[in-house]
Amino acid sequence: MDLILPYIQFLLLFAGLFLVTRNIFSYFEKKFDFFSKDMMWCVYVYHLLFGLIYYLYALSNPSDSKKYFSSTLSTSKSWEHFLGTETSFIKFISYPFINYLNFSYEMMMLLFTWIGFLGFLFAYLFFKENINLKVTIFKNINLLTLILFLPNMHFWSASLGKGAIIFSGLMLFAYTLNKPEKRILPMAFAAILVFAVRPHIFFFLVLALLYGVFFGKNQLPLKVKLGGILILVASLFLLQDKILGVVKLSDSNNLIQDFLAFASKRSGDLSEATSGLHMANYSILEKVCSFWFRPLFFDAPGILGVFVSIENLVYIILFSRLFKLDFFKFWKSANSNVKMSMVLFLGTSLAMTFIMSNLGIMIRQKSMIMYFLLFVVYYFQAHSNGIPARKKAEVVNK
């Protein structure tokens, strides 16, 4: 019986998550006329498949998921001790499931895979609520379907760790932006998740949101804008020590000089790894392009790198769609969601290029922000196809 019990517990968790997912789909199907349960069930099964792939990969390769599980299981510290940011926060979330509910490693992997799937659900809502019509590329390829099934995005958000939480937090935050005054609680929850897992990403998220509110075309009342700006600025001020602490600058007297010194050391350390890149002599443009689009076949680290290279080629093709004269006219009149997404993507990318020189880390890190670039591509492609953005008569909120 003791041998069978873990399997029974896993199946009960699997069934419970299935029922919760079905109820979530039913809720959004009633709320939005564009919601496709068939599409999302396909994404759900696809993501679970990548959860299994990652689990098999982790069995014979180094994985942070095993460290999170073993260190949380064997700790003598109390639950509240782990209430912090980054690694500590993942242990804080995991603690009650592992130590109170006796979740196995496999059950934790399934739970976090499901959390990662929620990111794709909110990404789907974010894209469709902005453009509630079919957007195609190369005449007959459904762009949103292509975006939702990019494998690298699923792989790194399907395991016990930061990837699933940060991706879901960012996509939930993006979803709330269409109606922030009605979604203030989920927006706050998403912001807390982002800050708890990656304080520096929260910093860029706030800056990007401020830019979008100031310069994007939006319908927000003035009092909502001013209130939001005050809250965002206050949050940066109150949380500055935690944000700067990520790069060891909380006690710095010269932020720029100390950051460059930290970035140089960090980059040098990472470049010595097996899949390291010696980017010290690269220009800014070369560093950014390396972060976005490498590995690319010629420097792919193993079989996984080949699959990532294929996806990176897709990124290059999609990114190239923005290199049109119409894009500047489009950008000038773009709404706050588009501008926020682009600024968040570019700002985070620039910061990462100073400290990233390891292909494995670059692949993981960019997965949490790539959907913001893809949203801009999606929106601009709709504009190029002659589809008016966010036609209110076609976006029905029941």
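**Helix packing around α5 in a predicted model**

The crossing of α5 and α8 is left-handed. In this predicted model, helix α8 spans residues 162–176, and its axis comes within 8 Å of that of α5, at an angle of roughly 25°. Because an angle under 35 degrees counts as roughly parallel, α5 and α8 are roughly parallel to each other. On the α5 side, the residues in contact are Phe112, Ile115, Gly116, Leu118, Gly119, Phe120, Phe122, Ala123, Leu125, Phe126 and Glu129. Their partners in α8 are Ala164, Ile165, Phe167, Ser168, Met171, Leu172, Ala174 and Tyr175.

Helix α1, residues 5–31, also packs against α5, with axes that come within 10 Å and cross at roughly 10°. This angle makes α1 roughly parallel to α5. The contact involves Gln9, Phe10, Leu13, Phe14, Leu17, Val20, Thr21, Ile24, Phe25 and Phe28 of α1. From α5, the contributing residues are Glu106, Met107, Leu110, Leu111, Trp114, Phe117, Leu118, Leu121, Phe122 and Leu125. The crossing of α1 and α5 is right-handed. Leu118, Phe122 and Leu125 of α5 take part in the contact with α1 and also in the contact with α8.

A further contact of α5 is with α3. The axes of α3 and α5 come within 11 Å and cross at roughly 120°, which makes α3 oblique to α5. The crossing is right-handed. In this pair, Ser65, Lys66 and Phe69 of α3 meet Tyr105, Met108 and Met109 of α5.

Two threonine residues were examined individually. Thr85 lies in the loop between α3 (64–74) and α4 (87–100). With a relative accessible area of 16%, Thr85 falls under the 20% cut-off and is therefore buried. Its C-alpha atom is 5.6 Å from that of Val197, although Thr85 and Val197 are 112 residues apart along the chain. Thr145 is located in helix α6, residues 143–148. The relative accessible area of Thr145 is 27%, so this residue is partly exposed. Thr145 and Tyr124 are separated by 21 residues in sequence, with a C-alpha to C-alpha distance of 9.4 Å.

Over the whole protein chain, the secondary structure consists of 19 helices and 2 strands. Of the 398 residues, 52% are buried. Among contacts with a separation of 6 or more, 74% are between residues 24 or more positions apart.

The average pLDDT of the protein chain is 81, and 77% of the residues score at least 70. Confidence is highest in helix α5 (residues 105–130), with a mean of 96, and lowest in helix α13 (residues 255–271), with a mean of 45. Over residues 246–275, pLDDT stays under 50, and the model has 44 contacts beyond four places in sequence for this stretch. Where pLDDT is low, the predicted coordinates should not be read in detail.

Definitions and conventions
Residues are numbered from 1 along each chain as its sequence is written. This is a predicted model: local features need pLDDT of at least 70, side-chain atom pairs count only at pLDDT 80 or more; totals for chains, interfaces and linings use all residues. Side-chain values use heavy atoms; hydrogens and water are left out. Helices (H or I, at least four residues) and strands (E, at least two) are DSSP runs, numbered from the N terminus. Buried means under 20% relative accessible area, exposed over 50%, partly exposed in between (1.4 Å probe, protein chains only). Contact means heavy atoms within 4.5 Å. pLDDT is the predictor's confidence in each residue, from 0 to 100. Axes are lines fitted to C-alpha atoms, for helices over the stretch in contact, and angles run from 0 to 180 degrees between N-to-C directions. Angles under 35 degrees count as roughly parallel, over 145 as roughly antiparallel, 65 to 115 as roughly perpendicular and the rest as oblique. A crossing is left-handed if the near helix is turned anticlockwise from the far one by less than a right angle, and right-handed if clockwise.
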